[in-house]
Amino acid sequence: MTREGLNVWDQGQRLFSPHHHTFWFRLSFIAPLYFGLITLGYQFLGPEYVVQDDVRQHVVWMQRFMDPGLFPGDAIADYYLALAPPGYKAFYGFFAKCGMAPLLTAKLLPILLALITTFFGFKLTLKILPIPVCGFFATLILNQQIWLDDELITATPRAFYYPLFTIFLYCLVKRALFPCLTVIALQGLFYAPVMLLSLAILHIRLLAWKRRWPTLTRNRSRYIFGLMGSLVAALIVLFLLRHQSVVGASVTSQQMRNLPEFGLLGRQEYFGVNPLYFLFQGRSGLNLSWFPASILIGLALPFLPPGRFRLLQKLTPDVALLYQAFGAALGLFTLAHILLFRLYYPSRYTYHSLRVLLAVASGITLTILLEAGWSWLQEKRQVKVRLQFQQKLLLAFISLFTAIELLVPALPPVFFALEVWIEGSSPGLYTYLAQQPRETVIATLAPEGDNIGAFAQRSTLMGREFSLAFHPQYHKIVQERITDLLNAQYSSDSSELEQIIDKYGIDFFLVEHSAFTPEYLLAQDWLIHRSDQSSITLAIEKMETQPASLIFPKVFVSCATQSTESWTLLEAQCLTRDITTPG
């Protein structure tokens with residue numbers, strides 16, 4: 001064998017050594033920086049009007065921190081601000097006081113959270129298998145998961161799940177009590193489901209397995225962690241219950257079953273779906289990730305035979321934490337189904353946590369398998385045995401799979417397609433509305449209404465994005481507004497229209513030209529799968545039997561302030577001033 005050949009094999013063997021920590025640690029940050037900077041470039045250098053889907057729900061209203069006069073008397077803004085976890089709201093409020101608008105903070109936040117997750121994910125992995133390249137593999141897979149998904153980039157409370165859960169696991173393997181308790185408190189203040197999961201992990205660690213039977217552990221520190229963690233969590237829960245009282249009681253499981261919004265094709269679809277979908281996908285399912293497929297390699301970790309893989313001997317006892325956390329997640333997933341809706345959606349305990357746990361497990365498994373494969377190739381080379389065709393084919397397949405898993409998810413068209421970005425298509429409308437008084441209210445059934453708060457920072461009466469049924473108190477407001485909006489847009493009675501305009505202080509109606517066909521209403525899930533169907537039935541009946549009596553089609557020219565091929569913006573005062581009751 002040549003000296004160059006020996007150097008190649010030596011370098012390959014060093015790949016799986018416990019050295020070169022700094023090199024692999026720094027290399028781990030390439031993935032979050034790459035995904036983060038590409039995403040930032042899209043937001044700052046891409047379309048003039050672009051916003052992440054969920055930012056429209058959870059962040060827009062916090063622009064009030066910069067300008068308290070925004071969205072005055074807006075029931076939607078009041079609801080979402082009351083619903084926001086106190087820590088999350090304080091986070092955005094702090095940066096607003098520093099002069100950074102919440103919408104700007106939401107753009108910068110994902111890359112910060114990804115870097116924190118990567119830092120602690122690397123440290124956590126090395127506590128389980130002290131091979132630096134293993135930390136690199138784990139954080140690479142983890143970053144692919146959190147960026148190729150509509151979670152981290154939302155900058156909503158659930159985006160904090162990943163760093164807070166990863167930090168908690170690291171503090172646990174470090175046996176750092178007070179940092180662990182601090183993280184539990186932060187979890188409760190930012191996203192309560194992850195706090196409940198952490199608490200479940202602390203308690204499941206009180207069990208030890210002896211001859212395949214569970215028994216209580218003799219590890220005193222675990223009792224201290226469990227007791228102190230429970231105390232901190234209890235205090236946070238008491239605080240949250242007081243905080244959440246503003247939005248009223250949550251929907252019960254029986255109410256959910258009776259509401260079309262939670263039925264098949266409903267706005268918050270839950271019941272009535274295919275049983276397999278119910279178990280594995282949606283808000284009720286485990287929601288295991290399937291792409292990139294490298295994360296599924298972690299499922300093989302418990303089944304690797306110890307005698308055949310040398311690196312298995314280097315696993316520390318902390319590997320048990322992965323199994324304990326997995327068991328805790330499944331336990332809460334099951335409990336959330338039983339206690340629906342008291343613990344929120346069941347998927348909230350598996351969707352995010354399994355991505356972290358499987359990414360770490362996949363990094364470990366991949367390192368073990370690659371080291372075994374490399375050692376096998378080295379043995380073959382030393383005895384000068386040529387590889388068989390099937391063996392070469394297997395190596396080619398592994399190489400191709402690795403290249404696909406690394407390169408394809410990194411292509412911007414791929415991860416942008418998996419994320420949900422909303423590009424504004426009506427810049428003239430946003431500019432015009434932004435110039436109107438801050439008290440301006442726009443009423444519309446058009447999807448464009450969901451974007452007005454983000455792009456024009458003006459209030460809309462109601463929209464699909466905001467028509468939630470999680471709290472009966474708010475759901476009642478939603479239903480009343482949708483009914484009045486339908487009655488107004490399809491009204492043939494000017495006095496009825498005037499009453500609705502005065503009731504909500506409506507300044508403009510944004511009406512799509514295709515809105516006056518039954519198909520238009522029947523295509524919108526948030527309208528047809530709702531509790532009150534009478535207003536939809538009445539509107540369709542008017543369009544089919546009395547189309548000439550409808551007011552809005554008659555005023556597209558006389559009351560228009562803005563117009564395109566798709567929609568017209570009507571001035572509400574023009575309607576009340578110029579239209580009289582027919583007949």
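Start by selecting Cys559: this residue is buried, with a relative accessible area of 2%. Here "buried" means under 20% relative accessible area, "exposed" means over 50%, and "partly exposed" is in between (1.4 Å probe, protein chains only). Before you go on, know that you are looking at a predicted model, where local features need pLDDT of at least 70 and side-chain atom pairs count only at pLDDT 80 or more, while totals for chains, interfaces and linings use all residues. Residues are numbered from 1 along each chain as its sequence is written, and side-chain values use heavy atoms, with hydrogens and water left out.

**Stop 1: the disulfide**

Which residue is joined to Cys559 by a disulfide? Select Cys574: the two sulfurs sit 1.9 Å apart, and a pair of cysteine sulfur atoms counts as a disulfide within 2.5 Å. In general, a disulfide is a covalent bond between the sulfur atoms of two cysteines. This pair links distant parts of the chain, 15 residues apart. Cys559 is in the loop between helix H25 (534–545) and strand E8 (560–563), and Cys574 is in helix H26 (residues 572–578). The helix and strand labels come from DSSP runs, numbered from the N terminus: helices are H or I with at least four residues, strands are E with at least two.

Turn the view to look along the S-S bond of Cys559 and Cys574: the torsion about it is about -70°, so this disulfide is left-handed. Cys574 is buried too, with a relative accessible area of 2%. A search of the whole structure finds 1 disulfide.

**Stop 2**

**Stop 2: the nonpolar core**

Next, colour the largest nonpolar core, which has 183 residues. Such a core is a set of buried Ala, Val, Leu, Ile, Met, Phe, Trp, Tyr and Cys residues joined through side-chain atoms within 4.5 Å. Ile201, Ile364, Tyr490, Phe509 and Leu521 touch the most other members. Helix H9 (residues 161–173) gives the most to this core, with 11 residues. In soluble globular proteins, nonpolar side chains tend to be buried together.

Zoom in on Leu521. Not counting residues up to four places away in sequence, Leu521 touches Leu445, Leu486, Tyr490, Leu527, Ile528, Ile536, Ala539, Ile540 and Met543. A contact like these means heavy atoms within 4.5 Å.

**Stop 3: Trp290**

Is Trp290 buried or exposed? Select it in the loop between helix H14 (275–280) and helix H15 (320–338): Trp290 is exposed, with a relative accessible area of 56%. Leaving out residues up to four places away in sequence, Trp290 touches Gln281 and Leu296. A polar atom of the Trp290 side chain lies 3.3 Å from the backbone oxygen of Leu288.

**Stop 4: helix H5**

Select residues 75–83. This is helix H5, which is mostly covered, as 7 of its 9 residues are buried. The buried ones are Ala75, Ile76, Ala77, Tyr79, Tyr80, Leu81 and Ala82. At the start of H5, look for a side-chain oxygen of Asp74 that reaches to within 2.9 Å of the backbone nitrogen of Ile76.

**Stop 5: a hairpin**

Go to strands E2 (residues 207–210) and E3 (residues 213–216), which run antiparallel and are joined by 4 bridges. Two strands pair if DSSP finds at least two bridges between them. Leu207 stands opposite Leu216 in E3, and Ala208 stands opposite Thr215. E2 and E3 form a hairpin with 2 residues between them, and Arg211 in the turn has a positive phi of about 55°.

**Last stop: zoom out**

Show the whole protein, with its 26 helices and 9 strands. Along its principal axes, the C-alpha trace spans about 100 × 55 × 50 Å. Of the 583 residues in the protein, 54% are buried.

Definitions and conventions:
A polar contact is a pair of N or O atoms within 3.5 Å; within protein, one must be able to donate a hydrogen and the other to accept it, and residues adjacent in sequence count only if both atoms are side-chain atoms.
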